[in-house]
Amino acid sequence: MSNSKEADPHPSRWRRFLQYIEVPTDPGVPNTPWLNRDLIPMPKERRTYKIWSYSVFWCIGGLSISAYTAGSTLLAYGLDATQAIVSLVICGLIIGVLSVTCGWMGERHHIGFTVACRFCWGMRGAYFPVIVRTFVAIFWDGLQAYWGGQAVAVTIGAIIPGFTHMKQTLAGGILLTKDFIGIIIYYVFFIAIMRIPPERLQKPFIVSSVMFSATLIGLLVWAVSNTHSGGPLFQQKASPVHGGTGWAMLFGITAILGAWSGGTIGQSDWTRYANRPYAPTLAQLIVAPFCIIVCATIGIIVTSCAQEIVGSLIWEPFLLLAALQNYYNDSPRVRAAIFFAGLSCVCAQLGMSIVLNSVSVGMDLSGVVPRYINIRRGAYLLAFLGLASNPWQYLSNAPIFLTVLSSFGIFFASFSGILLADYFVIRGCMIKLEDCYIGDKRSIYWYHNGVNWRAPLAWVLGVFLTIPGLIMTTRDATAWNVWVRIFHIAFFVGLLISFVAFSVICCVSPPGNVGIGTLYHEENSFEVEGELETEEKEKGPV
């Protein structure tokens, strides 16, 4: 089969430019409107993740700043510290189960969320969930980079105390100059790390997880040894904002699951790198809940003790480090400790951004324009858009913005419900992989003009009941009625309704392409060359 770059013997200047910027190819894997080397079922030589690799992967996801600050969400609903920890245990277990189920198709068929949406939503319909996930990730990535930049600023300030005390601002006084410098340096590190292919990131992940684990232990020892207790948060009684304690715990659990929904739905983006069946399962069921629970619990204890010591409630660990440098009057020994702790926070943010945003969204963007965007280019584009989103601006009105941003878990929950219903209930885990890369009527996943109408219908049913409560909460944070209550349990509502709705719709109107394909990706069984060659000839030169 001829490569698309050789199709026209006398290309125009524009055609030569397009050929020049096409992403690199592998032998037998051309670039087409539906395919490149990052979208195909992962070849055996690139499946390098073992059981220990996924354990390290979940140390990155679980031992993170996002997990560390999870307690603030639960306490905001009026739970006491003990109830918050119980809620975290429940959250961790649910996240583990969702990670296994959402990652199953990656482990078995070695495809990610981007391609999985094609057999579920249709070849063209798959663009919708992919674009929604990309849109949300732009803001989350900007937020993660902003935090990473602040961590860089703290690290530099430990070396140069005058940098810590810089008061100059940008963006109308919203953004500290030192934080902006930190963001730029953070992105330099990010660009360098994303040069490493995802299948070779295990060693950087090990370094990051070990460093941040040491910081967590150090902060815990410092906090408890100075207060000899759990701090004032463990002495406060529960005061649920709305309803009773049970409702408050349910609301808090739902909020955390919504925040993690992007990570769970994208598990197949990483399980596709598994070197054997069940390699990710142990880490998903045990390591993931353990790391999330431990990290969030340490976050609650350290924050509580630090409130007693420094007199402020500071949830972000890098901001706590900055406060400690000031509290101990720039002591050289303290600054040395803060340097390494701050550096670990930078590494944790880099790892978290790569795990939850960059690789997954890089593949999403690759799925939209496979000829010209691969995972690396998509990650760079995401980083640019994240910086362009001006995270310091929307954080200046954090309560409303974070309510809206977290509410996107509603959409992800419905995406998850549809995908799980289609893969496990309707298809029985059987997929014809070749047809996920054919963009016309020859594909059994073409449906009606490339869209499986059953998926958008089930998705609308899944999100419909939660939208009124979202609007009311955004307009008035004190609103409390049946719609607001539904919104506060939106993750469970969206997941269950979309799952049931899609299953029922498919029983009433079967898709007609069920029972075709294989239960797993058989080596050397993925043949698309003939199909793609025909498609290229039909399309002709661009």
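Me: At what angle do the axes of helix α19 (residues 409–426) and helix α20 (residues 454–464) cross, and within what distance do they come?
Reply: An axis is a line fitted to C-alpha atoms, for helices over the stretch in contact, and the angle, from 0 to 180 degrees, is taken between N-to-C directions. Here the axes of α19 and α20 cross at roughly 135° and come within 9 Å. The helices themselves are DSSP runs (H or I, at least four residues; strands are E, at least two), numbered from the N terminus. This is a predicted model, where local features need pLDDT of at least 70 and side-chain atom pairs count only at pLDDT 80 or more, while totals for chains, interfaces and linings use all residues. Residues are numbered from 1 along each chain as its sequence is written, and side-chain values use heavy atoms, with hydrogens and water left out.

Me: What word describes how α19 and α20 lie to each other?
Reply: Angles under 35 degrees count as roughly parallel, over 145 as roughly antiparallel, 65 to 115 as roughly perpendicular, and the rest as oblique. α19 and α20 are therefore oblique to each other. Handedness is a separate label: a crossing is right-handed if the near helix is turned clockwise from the far one by less than a right angle, and left-handed if anticlockwise. The crossing of α19 and α20 is right-handed.

Me: Which residues of α19 and α20 make the contact?
Reply: Contact means heavy atoms within 4.5 Å. On the α19 side the contact uses Ile410, Phe411, Ser414, Phe415 and Ile418, and on the α20 side Ala455, Ala458, Trp459, Gly462 and Val463. For classes, Ala, Val, Leu, Ile, Met, Phe, Trp, Tyr, Cys and Pro count as nonpolar, Asp, Glu, Lys and Arg as charged, and the others, Gly among them, as polar. By that scheme the contact of α19 with α20 has eight nonpolar, two polar and no charged residues.

Me: At what angle do α19 and helix α23 (residues 490–508) pack?
Reply: The angle is about 35°, and the axes of α19 and α23 are 7 Å apart. α19 passes α23 in a right-handed crossing. Among the contact residues are Ile410, Ser414, Ser416 and Ile418 of α19, and Leu495, Phe499 and Phe502 of α23. The contact of α19 with α23 divides into 13 nonpolar, seven polar and one charged.

Me: Is Ser416 buried or exposed?
Reply: Buried means under 20% relative accessible area, exposed over 50%, and partly exposed in between (1.4 Å probe, protein chains only). Ser416, in helix α19, has a relative accessible area of 3%, so it is buried. Beyond its neighbours within four places in sequence, Ser416 is in contact with Cys102, Ile265 and Leu495.

Me: How do α6 (residues 113–121) and α15 pack?
Reply: Their angle is about 50°, with the axes 8 Å apart. That makes α6 oblique to α15. Phe113, Thr114 and Arg118 in α6 meet Met363, Asp364 and Gly367 in α15. This contact of α6 with α15 holds two nonpolar, two polar and two charged residues.

Me: Which residues touch the most other members of the largest nonpolar core?
Reply: A nonpolar core is a set of buried Ala, Val, Leu, Ile, Met, Phe, Trp, Tyr and Cys residues joined through side-chain atoms within 4.5 Å. The largest one here has 146 residues, and Trp58, Phe119, Phe205, Trp270 and Phe502 touch the most other members. Helix α13 (residues 281–310) gives the most to this core, with 14 residues. Apart from it lies another core of six residues, including Ile138 and Val361.

Me: What does Trp270 touch?
Reply: Leaving out residues up to four places away in sequence, the list for Trp270 includes Tyr49, Phe57, Pro198, Phe205 and Ile354.

Me: Which residues does Thr227 touch?
Reply: Not counting residues up to four places away in sequence, Thr227 touches Cys305, Glu308 and Ile309. Thr227 lies in helix α10 and counts as buried at 10% relative accessibility.
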